[in-house]
Amino acid sequence: MADDDLDELLDEVESKYCGPGPPESSCSGAERDRQKPTRKTLVHASTEEENLDDLIDDLLDVNCKEDNVTQKKISANKQSCKTSNQMPKRKCSPVYAGGNSLPFGIATVISERACDQLRCTACDFKVVIFDNCEWDASCDYYFFRNSMPDISRLQTKTIRKKGPRAYACQCSWRTIQERTEIRTDQQLKWVCGKH
């Protein structure tokens, strides 16, 4: 009985606010019942519309957030361009490594300095450097593979010694005492990562 009252109320609302419909006299009662939406279909249609509206709102929110992120990245890039224009980054040429007697800095043909921005092209790790240390003889590939870039774990295999520097990436390691040009060692894939 409550469903009949609700259907009548919906019919009345529909006829007043939804515009003129087919004349009631031309339809039989069964046809009118088929044409008339039930409460379930009206509720289902409204939830579908709400879901669609929610989906559209979500998409618009995501696009707005992506636009904001893009704008932030663009402004950050502009800022970094300003700083890079003020002080251009330079690479060592040639690239040297060495013991404590060789100061760090940008190496040139005139100024021989040890590069402290070394990066390995094989494993793509930054080369770590320990002053006044050498690598223990027990070091192996697996130790560096599992320990990089944890400095405290790497230090467990260093021996304190005045003069040399211990260099290591994830795939290679060297103890260097004297000035050495990196390209002369064919096994090392280290390059200057710019200063």
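The secondary structure of this chain comes to 5 helices and 7 strands. Helices here are DSSP runs of H or I with at least four residues, strands are runs of E with at least two, and both are numbered from the N terminus. Read from the N terminus on, the order of the elements is α-α-α-β-β-β-α-α-β-β-β-β.

Please note that this is a predicted model, in which local features need pLDDT of at least 70 and side-chain atom pairs count only at pLDDT 80 or more, while totals for chains, interfaces and linings use all residues. Residues are numbered from 1 along each chain as its sequence is written, and side-chain values use heavy atoms, with hydrogens and water left out.

I turn to confidence. The term pLDDT denotes the predictor's confidence in each residue, from 0 to 100. The chain averages a pLDDT of 75, and 64% of the residues score at least 70. Which elements have the lowest and the highest mean pLDDT? Helix H2, residues 29-35, has the lowest at 52, and strand S4, residues 158-168, has the highest at 92. Over residues 39-45, pLDDT stays under 50. For that stretch the model has 4 contacts beyond four places in sequence, a contact being heavy atoms within 4.5 Å.

Next, the chain as a whole. Of the contacts with a separation of 6 or more, 58% are between residues 24 or more positions apart. The accessible surface comes to about 14,100 Å², and 52% of this belongs to carbon and sulfur atoms. Such areas come from the Shrake-Rupley method with a 1.4 Å probe, and for residues only the protein chains shown count as cover. Of the 195 residues, 23% count as buried. Buried means under 20% relative accessible area, exposed means over 50%, and partly exposed lies in between, again with a 1.4 Å probe and protein chains only.

One feature of the surface is a nonpolar patch formed by Leu9, Val13 and Tyr17, with about 340 Å² of accessible area together. Patches are made of residues with over 30% relative accessible area and no salt bridge; like charges are joined within 9 Å, and nonpolar side chains (Val, Leu, Ile, Met, Phe, Trp, Tyr) within 5 Å. Tyr17 is placed in helix H1, residues 2-17, and counts as exposed because its relative accessibility is 69%.

Let us now consider the backbone. Another joins Met148 and Pro149, with omega about -5°; Pro149 lies in the loop between helix H4 (141-147) and helix H5 (151-155).

How many disulfides does the structure hold? The number is 0, where a disulfide is a pair of cysteine sulfur atoms within 2.5 Å. For Cys115, the nearest cysteine sulfur is that of Cys192, 3.7 Å away. Cys115 is buried, with a relative accessible area of 0%. For Cys171, the nearest cysteine sulfur is that of Cys120, 3.6 Å away. Cys171 is partly exposed, at 24%.

Finally, I come to charged pairs. Side chains of opposite charge can pair when their charged atoms come close. The structure holds 6 salt bridges, each being a side-chain nitrogen of Lys or Arg within 4 Å of a carboxyl oxygen of Asp or Glu. In one of them, Arg179 pairs with Glu112, the closest N and O atoms being 3.0 Å apart. Arg179 lies in the loop between strands S5 (173-176) and S6 (180-181), and Glu112 in the loop between S1 and strand S2 (118-120), so this pair ties together parts that are 67 residues apart in sequence.

Glu134 forms another salt bridge, with Lys161, at 3.7 Å between the closest N and O atoms. This pair links distant parts of the chain, as Glu134 is in strand S3 and Lys161 in strand S4, 27 residues apart.

In a further salt bridge, the closest N and O atoms of Glu181 and Arg183 are 2.5 Å apart. Glu181 counts as buried at 18% relative accessibility, whereas Arg183 is exposed at 66%.
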